[in-house]
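Hello, and welcome to my notebook. I opened this structure to look up a few things one by one, and these are my entries.

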Amino acid sequence: MQSSHLLLEEPIRMVSILEPSKASFFPAMTKIVGTLGPRSRSVDVISACLKAGMSVARFDFSWHDPEYHQETLENLKAAVKLTKKLCAVMLDTVGPELQVVNKNEKVISLEADATVILTPDEGQEASSNILPINFDGLSKAVKKGDTIFIGQYLFTGSETTSVWLEVSEVQGNDVVCVIKNTATLTGALFTLHASQIRIVLPTLSDKDKEVISSWGVQNKIDFLSLSYTRHAEDVRHAREFLSKLGDLSQTQIFAKIENIEGLNHFDEILQEADGIILSRGNLGIDLPPEKVFLFQKAALYKCNMAGKPAVVTRVVDSMTDNLRPTRAEATDVANAVLDGSDAILLGAETLRGLYPVETISTVGRICAEAEKVFNQDLYFKKTVKYVGEPMTHLESIASSAVRAAIKVKASVIICFTSSGRAARLIAKYRPIMPVLSVVIPRLKTNQLKWTFTGAFEARQSLIVRGLFPMLADPRHAAESTSATNESVLKVALDYGKASGIIKSHDRVVVCQKVGDASVVKIIELGD
């Protein structure tokens, strides 16, 4: 696998760029999170999305009710059985999202330089002159000259379904705005974003709590995407809430950074969260355009060094309506990979887009190409230097496994783990070969019943770059003997051969626990 890796710093024969890419069992090392909705909720379409490379399914509760999402989830379960491809579930909260309410779903035309009034009186009918909103504190939060954006998915740079407003005056609870661009609003709800304005609403709303404790618990969600995370306290509060729900105590919390407040408290949020989502929709509006790339690079670097998954959003907006991304978007996806992203999150493109499967497939192919020129050597040295000395026992084993795999040109790293931590640490060093995480279930009891852990840990690795899980047979205990370890290894090697990532005479690096010691060994396969 090593031979196919080039570096952008090295001379590349231009003709080699046109050589077709080799097919692989794993479309890319970078993961793809797909938002399921009207265009992507049938068993057939979800199956095609899984085959194209989607490994996490996102359920956005800003749209539709729990019953609708449950139907979609049941279809996802059927698709997983059909395709035999594991998929994690992410619940995306609404949070303190401000919305314009258009109960009659009339098409609203807004003309540049005209005025429109934003009112908290939801009894009013939405029109080109007045827009009812779901928040009565806007008039106290804004002042003359402030910027407000409204649209289904805010600005994408090409659509005319989002509008930019400038506050001209405040009249009691109403906010009078000048329309800066001509636009047409369609649908029942539009997102409203007041740029760089602090909105005094809880990050985890009552509606979110209700959905999590019913739908979330019922479906044992793998990830909670915490919208509009502004402080570390938001994450702590969410974790405390999840811990009281029993089945969700293992659910990982991904903090969505969507505004200046979240940016200012990024370091403390990163410390508390299990992962970060760089939500470039709202954030791209809060930040001046020339600063967006800087935040992305800095945030991804911090996530990489902390060994926490980083997810980038809003990369191929134009594919919502088109079969191909723009050239800038294709480059943007590749740059997200080169910057160190673990996953790319697709929103409107798969939720309501015309080409959900093609979008996943296209993004996967771009990621795979970018991975070929990712400077792993430089990244490895940078990460080791950042960790410093003395390293922890696990960190030392993980970095040694990656170094050994690169030196012997191994085709895969196999890691036995029960918590998933060791495998995530190996993946943190971004090896150029896949890391097969063999999750060995542990038997637990609450004095009433026995349960096996492992499924959560396996699915949660589906958002980590280069990490591919495999759930071992529950009969193999976590504290296994050398003999049972060998039998699990045989199953893992057979899986690797069947999937085409391991061939005869390949070298494989294995990271496993033997007694109290962690061992890294190199295996050379025969015929």
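**Entry 1: ground rules.** I call a residue buried when its relative accessible area is under 20%, exposed when over 50%, and partly exposed in between, using a 1.4 Å probe and protein chains only. I am reading a predicted model, in which local features need pLDDT of at least 70, side-chain atom pairs count only at pLDDT 80 or more, and totals for chains, interfaces and linings use all residues. Residues are numbered from 1 along each chain as its sequence is written, and side-chain values use heavy atoms, with hydrogens and water left out.

Entry 2: I started with Cys-415, which is buried at a relative accessible area of 0%. Next I looked for disulfides, taken as pairs of cysteine sulfur atoms within 2.5 Å. How many disulfides does the structure hold? I found 0. Cys-415 is in no disulfide, and the nearest cysteine sulfur, that of Cys-511, is 4.6 Å away. Cys-367 is in no disulfide either; for Cys-367 the nearest cysteine sulfur belongs to Cys-49, 15 Å away. Cys-367 also counts as buried, at 0% relative accessibility.

**Entry 3: a distance.** I then compared the position of Cys-415 with that of Gln-218. The two are 197 residues apart in sequence and 31 Å apart in space, C-alpha to C-alpha. Gln-218 lies in helix α4 (residues 206-218). Helices here are DSSP runs of H or I with at least four residues, strands are runs of E with at least two, and both are numbered from the N terminus. Is Gln-218 buried or exposed? I noted it as exposed, at 55% relative accessibility.

**Entry 4: strand β16.** I looked at both faces of β16 (residues 310-313) and found them covered. Ala-310 and Val-312 on one side are buried, as are Val-311 and Thr-313 on the other. For pairing, I used the rule that DSSP must find at least two bridges between two strands. Strand β15 (residues 275-278) runs parallel to β16, joined by 3 bridges, and Ile-277 has Val-311 as its bridge partner. Strand β17 (residues 343-346) is also parallel to β16, again with 3 bridges. Which residue of β17 is the bridge partner of Thr-313? I found Leu-345. From β16 the chain crosses through helix α10 (residues 327-339) to β17, in a right-handed β-α-β crossover. Right-handed means that, with the strands pointing away from the viewer, the path from the first strand over the helix to the second runs clockwise.

Entry 5: Most residues other than glycine have a negative phi, and most peptide bonds are trans. Arg-314 is not a glycine, yet has a positive phi of about 55°. I placed Arg-314 in the loop between β16 and α10, and it is buried with a relative accessible area of 18%. His-64 has a positive phi of about 70°. His-64 sits in the loop between β2 (54-60) and α2 (66-83) and counts as partly exposed at 42%. A cis peptide bond joins Glu-389 and Pro-390, with omega about -5°. I found Pro-390 in the loop between α13 (376-387) and α14 (393-407).

**Entry 6: confidence.** Last, I checked pLDDT, the predictor's confidence in each residue from 0 to 100. The protein averages 89, and 91% of the residues score at least 70. Over residues 477-481 the pLDDT is below 50. Beyond near neighbours in sequence, that stretch has 6 contacts in the model (heavy atoms within 4.5 Å). Where pLDDT is low, the predicted coordinates should not be read in detail.
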